[in-house]
Amino acid sequence: MLTKSSVRRIGVLTSGGDSPGMNAAVRSVVRAAIFRGIEVIGIRRGYNGLINGDIIRLDEKSVAHVINRGGTLLYTARSKEFMTAEGQQKAVNTCRLLGLDGIVAIGGDGTFRGAQALSRHGISVVGIPATIDNDIACTHYCIGFDTAANTAIDCIDKLRDTMQSHERCSVVEVMGRNAGHLALYVGLAVGATAVLVPESKEDFETEVIEKIRNARLNGFTHYMIVVAEGAGSALEVAQKIKDTICIEPRVTVLGHIQRGGTPTARDRVTATRMGYRAVDILAGGGTNRIISLIDGRMCDIDIEEGLACHKGIDMEEWTVLEAMTGV
Ligand code: F6P
């Protein structure tokens with residue numbers, strides 16, 4: 001039995017790089033709010049929309065048939081103006097003008113720093129982690145990671161066919177900004193010959209050359225090297241391989257294709273659970289929280305604490321990868 005909340009109207013926005021499942025999160029926020037008798041205003045184009053009053057009323061119908069769609073129906077942006085004190089004041093003024101009792105901000109750590117700024121001005125905020133990089137330290141999982149990984153895996157499986165036929169070496173660059181979570185996971189899933197992530201302290205010889213050499217000694221004649229963008233460009237890596245062992249790799253940069261596409265079941269369900277939780281917090285008078293998934297359990301953490309957390313790559317996955325590569 002839900003108790004009636006004093007919260008009457010909330011805003012929802014998506015900010016930073018988009019990720020598959022953001023629409024499912026927006027939908028969940030809208031449906032969970034309406035379920036409690038709370039009105040929802042969509043703020044378009046991230047924090048720019050809050051500065052400019054770029055809004056849209058969201059009802060049950062406006063979020064119908066979006067759970068399966070990639071991208072974000074609210075558009076997204078990385079707002080430079082919101083980083084200024086003037087921009088933040090304009091955004092706060094918009095919240096007051098619209099009578100918003102809280103904001104749900106969906107995105108990565110830049111989005112949460114924005115939410116933190118609003119909170120310092122007395123606006124209630126809750127953040128939902130959504131980034132294909134999976135680099136938000138206070139949660140084990142960010143919306144979009146699973147879909148992006150599956151997209152990359154599908155592309156690399158296709159590449160493998162032609163690399164195998166031509167007995168070539170392929171160097172594939174995956175996204176992840178400064179983190180190697182996506183590359184590590186994808187590397188495990190495609191059975192890569194070697195994986196380069198920014199978190200690794202090993203040298204190039206051990207990490208890549210020795211692995212290719214071992215594979216060749218074991219009779220293999222095609223090699224799949226997965227490079228996290230934060231560990232260097234695939235072009236540079238390919239050049240280094242050529243200079244060291246005289247084979248000519250082909251380079252593929254998967255790029256923004258990893259950010260699109262139909263969200264997987266994992267991303268839809270996680271987004272839906274997180275959206276519900278965010279509304280639950282605001283409706284209960286809570287603020288300044290980031291939703292997090294810890295060992296499959298839905299939790300929430302104070303924004304300051306969450307942003308101060310540190311997340312390395314999964315060492316168990318890394319240990320397994322060490323045994324699986326260069327074979
Ligand atoms: O944070 C998501 C992400 O896709 C990163 O993996 C990548 O480094 C960056 O965004 C690309 O940003 P943009 O869309 O501005 O090119």
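**Entry 1: ground rules.** I am working with a predicted model, in which local features need pLDDT of at least 70 and side-chain atom pairs count only at pLDDT 80 or more, while totals for chains, interfaces and linings use all residues. Residues are numbered from 1 along each chain as its sequence is written, and side-chain values use heavy atoms, with hydrogens and water left out.

**Entry 2: the largest pocket.** I looked up pockets (on a 1 Å grid over the protein atoms alone, open sets of points where a 1.4 Å probe fits, with protein on both sides within 12 Å along at least five of seven lines; lining residues have an atom within 4 Å of a point). The largest pocket holds about 750 Å³ of space, a volume being the space filled by probe spheres set on the points. I noted 31 lining residues, of which Gly 16, Arg 78, Asp 109, Gly 110 and Arg 177 are the closest to the centre. Helix α4, residues 109-120, gives the most to this lining, with 6 residues, where a helix is a DSSP run of H or I with at least four residues.

**Entry 3: the second largest pocket.** I found about 300 Å³ of space here, lined by 15 residues, with Asn 134, His 140, Lys 311, Asp 314 and Glu 317 nearest the centre of the second largest pocket. The second largest pocket lies between domain 1 (4-144 + 263-308) and domain 2 (147-259), because both give residues to its lining; the domain bounds come from an automatic or database assignment.

**Entry 4: the ligand.** Which residues are around the ligand? I listed Arg 78, Thr 131, Asp 133, Met 175, Gly 176, Arg 177, Glu 229, His 256 and Arg 259, counting a residue if one of its heavy atoms lies within 4 Å. The ligand taken alone exposes 400 Å², of which the protein buries 75%, with areas from the Shrake-Rupley method and a 1.4 Å probe.

Conventions: Helix = DSSP H or I, 4+ residues; strand = E, 2+ residues; numbered from the N terminus.
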